[in-house]
Amino acid sequence: MTAYPGRPDERPDDRTGPAPVDGTEPPTGPDGMTRRQLLRHAGWFGGAVVLTVASGEVISHIADTRGTAGTAAAGTAAAGSGTTASGALRFVQVSDSHIGFQGPANMDVAGSFSEAIRQVNSLGFRPDFVMHSGDLTHLSTPSQFDQVRQMMTGMRTDRVFTVPGEHDSIGDAGRAYRRTFGKGTLGDGWYSFDTHGVHFIALVNTLSLEKLGHLGNEQIDFVRRDLAGLSSDTPVVVFSHIPLFAMYPQWGWSTDDALRVIALLRRFSSVTCLNGHVHQLFTKTEGNITFHSATTTAYPLPKPGRAPAPTPQVVPARRLKDVLGIRTVGYRRGDRELAIKDERLA
């Protein structure tokens, strides 16, 4: 995937973000995660979110995908993708696979992720693309990045997009992540693209661990420039790992400078923000902006404030799949809300 760095008036109709498999290393970020900090944020994995965009109208979706890094035509993503409605776009979100995690909360996270992939592949349609919204790995080692990359090649989709989680940045400010998944991105891995009349932004808010989450001035300036040329009726979808709303700041389940980005999004008639990190379903609406946190396919975390810390929760083995799952989301022209269906991990 290749982010488009040009001015808004130079923006092509379609653009893509980071390459899903290989990539060169972009500029590095400031702070890596120490082992001590990792222990403070000891687990996380999201679920699958499928969204449909029809005829350029919106409400929750994410974007175009095709082949190798580079440009993608708006019309070609749907062609041959198995979509059932002309002009519709459907995609899947997965999150927090934590490949490399070892512990009683889930003794086989790779197996759970494989089951999630099989479930995505059994949806009855071929998603135009899959977005993994962070914590692909648990300790950000080269072997873990390679394993999750190889596993995601088994997804029946045209493209796979990613954003990093804090577990993907341990000790190196995300450099290993960007070597594998960051080709074509800007700064510390952010990017945007357009397809089917929808504008998509992928943000990085996981590098400043002492203020988890945090975007920073450079990235916020990118968002300001990126949105400047868009009309207010353009549907906008934003991906991040950590929530852009204050779900539970005591546990790092918020982004301290997100309000500066939210202010830039207020003029748009439809904005959807999708995140992982919290390992549970949560939806919040503020005016024109709806926030959706993804469920988990690795292990559950406690609900906000119901435990001393957000550590992996152990449930009886026979009940583990009951707390893991995927979510399908659809949008049809004329609807005012998303059609959301949450399913247990099959």
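Here is a walk through this predicted model, from the whole chain down to single residues.

Residues are numbered from 1 along each chain as its sequence is written, and side-chain values use heavy atoms, with hydrogens and water left out. Because the model is predicted, local features need a pLDDT of at least 70 and side-chain atom pairs count only at pLDDT 80 or more, while totals for chains, interfaces and linings use all residues.

Let's begin with the big picture. The protein chain has 7 helices and 12 strands; helices (H or I, at least four residues) and strands (E, at least two) are DSSP runs, numbered from the N terminus. Of the 346 residues in the protein chain, 62% are buried. Buried means under 20% relative accessible area, exposed means over 50%, and partly exposed is in between, using a 1.4 Å probe and protein chains only. A contact means heavy atoms within 4.5 Å. Among contacts between residues at least 6 apart in sequence, 77% join residues at least 24 apart.

How far can you trust the picture? The predictor's confidence in each residue is called pLDDT and runs from 0 to 100. The protein chain averages 76, and 70% of the residues score at least 70. Among its elements, helix α6 has the highest mean pLDDT (98) and helix α2 (residues 74–78) the lowest (29). Over residues 51–84 the pLDDT is below 50, and this stretch has 129 contacts in the model beyond near neighbours in sequence. Residues 333–338 also stay under 50, with 13 contacts beyond four places in sequence. Where pLDDT is low, the predicted coordinates should not be read in detail.

Now find strand β8, residues 271–275. All 5 of its 5 residues are buried, so β8 is largely enclosed by the rest of the structure. In a regular strand the side chains alternate between the two faces of the sheet. Here V271, C273 and N275 point one way, while T272 and L274 point the other way.

Which strands does β8 pair with? Two strands pair if DSSP finds at least two bridges between them. One partner is β7 (residues 236–239), which runs parallel to β8 and is joined to it by 4 bridges.

N275 has 2% relative accessibility, so it counts as buried. Leaving aside neighbours within four places in sequence, N275 is in contact with a list of residues that includes Q93, S133, S240, H241, H292 and S293.

Next come the cores. A nonpolar core is a set of buried Ala, Val, Leu, Ile, Met, Phe, Trp, Tyr and Cys residues joined through side-chain atoms within 4.5 Å. The largest one has 33 residues, and I201, V238, L244 and L265 touch the most other members. The elements that give two or more residues to this core are α6 (217–228), β7, α7, β8 and β10. Take L265: not counting residues up to four places away in sequence, it touches L227, V236, V238, V271, N288 and I289. A second, separate core of 18 residues includes V94, A110, F113 and M152.

A110 and F113 lead us to helix α3, where both are among the buried residues. Helix α3 (residues 109–121) has 13 residues and reaches 18 Å from its first C-alpha to its last, close to the 18 Å expected; the expected span is 1.5 Å times one less than the number of residues. Since 11 of its 13 residues are buried, α3 is largely enclosed by the rest of the structure.

Finally, two loop residues. S140, in the loop between β3 (129–132) and α4 (142–152), has a positive phi of about 55° although it is not a glycine. S140 is buried, with a relative accessible area of 8%. H279 lies in the loop between β8 and β9 (282–286), and its phi is near 60°, again a positive value in a residue other than glycine. H279 is buried too, at 3% relative accessible area.
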